[in-house]
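Work through the exercises below with the sequence and the model open side by side. Each task is followed by a stepwise solution.

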Amino acid sequence: MNTYARLPVSFVRGEGVWLWDANGRRYLDALAGIAVSTLGHAHPRLTAAIGEQAAKLLHCSNLYRIREQEELAAKLCSISGMDAVFFCTSGAEANEAAIKIARAYGHQHGIELPTIVVMEKSFHGRTMATLTATGNRKVQAGFEPLLAGFARVPYNDAQAVEAAANNKSIVAILVEPVQGEGGVNVAEAAYLKALRELCDRNGWLLMLDEVQSGVARTGRWFAHQHCGVVADVMTLAKGLGSGIPIGACLARGAAAAVLKPGSHGCTFGGSPISSVAALTTLAVIEEDGLLAHAAETGDFIRAELKRALQGVAGVVEIRGLGLMVGIELDRPCVELMKAALEQGLLINVTAERTIRLLPPLVISREEAAMLVHQLAPLIAKFLTPLKQTA
Ligand code: PLP
């Protein structure tokens with residue numbers, strides 16, 4: 001179906017941060033399939049692990065115990081401080097699980113119409129519950145009726161959540177520690193801490209959507225770890241399997257015990273092949289020091305972009321955390337994606353005017369410098385007409 005405004009290119013192979021089209025032309029991939037290809041393309045260790053597992057066992061129903069899934073759950077719990085994991089295959093599904101946990105948790109506490117606080121500019125997926133939770137009318141328009149049980153407030157505004165606290169139906173807050181689709185908006189540490197406190201005071205669940213920001217992308221295993229808070233529920237997908245679809249909904253304490261046999265499920269969730277892809281992704285991140293590397297390389301890209309674009313009128317802000325980089329311009333700039341593609345560079349534009357970079361975590365310092373070297377002049381050229389008329 002015609003669900004994507006696709007760019008006119010198709011890739012046939014990749015290696016590290018590089019992709020090649022059928023004509024043998026090479027592209028620098030600064031998007032990683034929208035934060036998916038954590039280890040870059042064709043990582044030898046991941047390729048080998050997937051191949052070995054494929055030769056042994058691809059799939060096994062969750063009617064049985066799956067050793068690789070149990071190993072992955074233990075690893076995820078150890079790096080996150082959570083107690084239990086439900087596995088699925090996408091970010092939307094992971095958030096569906098979180099929403100179901102919040103609702104069931106509310107009912108356990110006698111709340112008839114459990115309500116989840118969600119944020120403006122958020123993105124949580126395209127299923128009916130997750131598009132209702134999403135703070136973008138474009139995602140919702142045409143799919144009404146939306147679901148009941150969501151209350152929306154501005155992002156990075158703890159007082160707005162506090163003001164909603166007299167609504168006795170509230171059971172949880174669902175928030176992205178870094179809004180990806182919303183324009184690479186980083187939550188302030190004080191904000192997440194205030195949300196944690198509100199949840200503790202009111203018996204609500206703090207549910208963090210780390211689908212885009214998780215799995216080392218920001219330089220910590222999970223973006224909220226920059227802020228010293230713990231979640232009750234956390235969702236992952238995208239980069240977890242480095243390209244093999246896998247999603248996860250992690251929970252802690254009472255939230256971890258809400259779902260029972262029969263109350264939720266997913267045929268493909270946590271299959272041996274996807275679990276091995278995720279385990280290998282996490283092992284390579286750890287062994288190759290990619291947490292520190294993501295933090296340092298992200299800082300380097302932002303610093304170099306700021307240097308290269310200094311004084312260019314029309315650049316509103318260069319921001320982000322680790323390898324989530326946003327360059328906000330003062331005008332819509334979707335056409336920059338095509339202009340960059342023509343120069344052999346894959347970037348993205350989100351929230352109409354924010355250029356978004358999400359390169360594989362394996363991007364070298366040299367490749368990061370090449371990225372800035374290619375991108376900064378493109379942006380400057382795009383903004384030039386304003387400079388001339390100003
Ligand atoms: N949550 C966040 C923060 C996302 O960025 C996305 C996708 O962009 C999703 C959820 C939905 O994930 P998926 O497309 O895997 O359903």
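A polar contact is a pair of N or O atoms within 3.5 Å; within protein, one atom must be able to donate a hydrogen and the other to accept it, and residues adjacent in sequence count only if both atoms are side-chain atoms. The model is predicted, so local features need pLDDT of at least 70 and side-chain atom pairs count only at pLDDT 80 or more, while totals for chains, interfaces and linings use all residues. Residues are numbered from 1 along each chain as its sequence is written, and side-chain values use heavy atoms, with hydrogens and water left out.

**Exercise 1. Describe the surroundings of the ligand.**

Step 1. A backbone N or O atom of Gly91 is 2.8 Å from a ligand oxygen. The side chain of Asp209 places an N or O atom 2.7 Å from a ligand nitrogen. For the side chain of Glu181, an N or O atom lies 3.5 Å from a ligand oxygen.

Step 2. Check the cover. The ligand alone exposes 390 Å², of which the protein buries 81% (Shrake-Rupley areas, 1.4 Å probe).

Step 3. Assign elements, taking helices (H or I, at least four residues) and strands (E, at least two) as DSSP runs numbered from the N terminus.

**Exercise 2. Find the aromatic pairs and classify them.**

Step 1. Apply the rule: rings of Phe, Tyr and Trp (its six-membered ring) pair if their centres lie within 6.5 Å, and planes under 30 degrees apart count as stacked, over 60 as edge-to-face and the rest as tilted. The count is two aromatic pairs.

Step 2. Take Phe11 and Tyr27: with centres 5.2 Å apart and 80° between the planes, the pair is edge-to-face. It links distant parts of the chain, 16 residues apart, with Phe11 in strand β1 (residues 11-15) and Tyr27 in strand β3 (residues 26-29).

Step 3. Compare exposure (buried is under 20% relative accessible area, exposed over 50%, partly exposed in between; 1.4 Å probe, protein chains only). Phe11 is partly exposed at 30%, whereas Tyr27 is buried at 4%.

Step 4. Take Tyr155 and Tyr191: the centres are 5.7 Å apart and the planes at 70°, so this pair is edge-to-face.
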